[in-house]
Amino acid sequence: MIDTLIGLGFLGLFIACFISATILPFSSDIILVALIIAGLDYRICLLVATIGGMLGSLVNYYLGRQGKTEWIEKHSKIRREQIAKIEKWLNGKGAYMALLAWVPVFGNLLVIALGYLRANVWFVSICLAIGMFIRYAVVIFLTQQGIGLVH
């Protein structure tokens, strides 16, 4: 599968980043590094990886959004007033946590929680894009530094 994704170039990178940002276990870094080493334009790779990662994370957001506040009340000791406070916080500063969506396992759960608590989807999307951009920019930078050491 990895060879196929690498062979697809930018499309393979998009697919890998999309999948790895969902709850499915996969690492897009292997594909990204291979494509940088193969000589693909790092700027296009960064753009494609960022968009793929952000859209994959939005799948998690919408999975969380399928939940219902009544379920929280019924299956936990959290009252409706507490839920409202959490929702208000997440719609304000709390949605900044979407910047950490790229962190394995934790990031997926975080984005699902943001969807479940109905954080502002536009603000979450912006934070997801920024977080993914930084993550993939660091991977590209480290790959280029490693390439420089070999040559």
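Is D41 buried, exposed or partly exposed? D41 is partly exposed, with a relative accessible area of 28%. Here, buried means under 20% relative accessible area, exposed means over 50%, and partly exposed lies in between (1.4 Å probe, protein chains only).

This is a predicted model, in which local features need pLDDT of at least 70, side-chain atom pairs count only at pLDDT 80 or more, and totals for chains, interfaces and linings use all residues. Residues are numbered from 1 along each chain as its sequence is written, and side-chain values use heavy atoms, with hydrogens and water left out.

**Figure 1. The whole chain.** The protein chain has 8 helices and 0 strands. Helices (H or I, at least four residues) and strands (E, at least two) are DSSP runs, numbered from the N terminus. Read from the N terminus, the elements run α-α-α-α-α-α-α-α. The chain has 151 residues, and 38% of them count as buried. A contact means heavy atoms within 4.5 Å. Take the contacts between residues at least 6 apart in sequence: 74% of them join residues at least 24 apart.

**Figure 2. Two salt bridges.** Side chains of opposite charge can pair when their charged atoms come close. A salt bridge is a side-chain nitrogen of Lys or Arg within 4 Å of a carboxyl oxygen of Asp or Glu. The structure holds 2 of them. One joins D29 to R135, with the closest N and O atoms 2.8 Å apart. This pair links distant parts of the chain, for D29 sits in helix α3 and R135 in helix α8 (residues 121-150), 106 residues apart. D29 is partly exposed at 23% relative accessibility. R135 counts as buried at 18%. Another salt bridge joins the side chains of D41 and R43, at 3.0 Å from N to O. R43 is exposed, with a relative accessible area of 53%.

Figure 3. A disulfide is a pair of cysteine sulfur atoms within 2.5 Å. By this rule the count is 0. C17 is buried, with a relative accessible area of 0%. C127 also counts as buried, at 3% relative accessibility.

**Figure 4. T22 and N108 in contact.** T22 lies in the loop between α2 (10-21) and α3 (29-37). Its relative accessible area is 7%, so T22 is buried. Which residues does T22 touch, leaving aside its neighbours within four places in sequence? T22 is in contact with G56, V59, N60 and N108. N108 belongs to helix α7. At 14% relative accessibility, N108 counts as buried. With neighbours within four places again left aside, N108 is in contact with A21, T22, I23, N60, A101 and V103.

Figure 5. Rolling a probe the size of a water molecule over the atoms shows where empty space is left. The search uses a 1 Å grid over the protein atoms alone; a pocket is an open set of points where a 1.4 Å probe fits, with protein on both sides within 12 Å along at least five of seven lines, and lining residues have an atom within 4 Å of a point. Grid points are joined across faces, edges and corners, and a volume is the space filled by probe spheres set on the points. The largest pocket holds about 260 Å³ of space. It is lined by 19 residues, and those closest to its centre are S20, F26, W102, P104 and N108. The elements giving two or more residues to this lining are α2, α7 (106-116) and α8. The largest share, 3 residues, comes from α8.

**Figure 6. Helices α7 and α8.** In α7, the residues G107, N108, L110, V111, L114, G115 and Y116 are buried. R118 follows α7 and has a positive phi, near 60°. I134 is placed in helix α8. I134 is partly exposed, with a relative accessible area of 49%. I134 and L99 lie 35 residues apart in sequence, and their C-alpha atoms are 9.1 Å apart in space.
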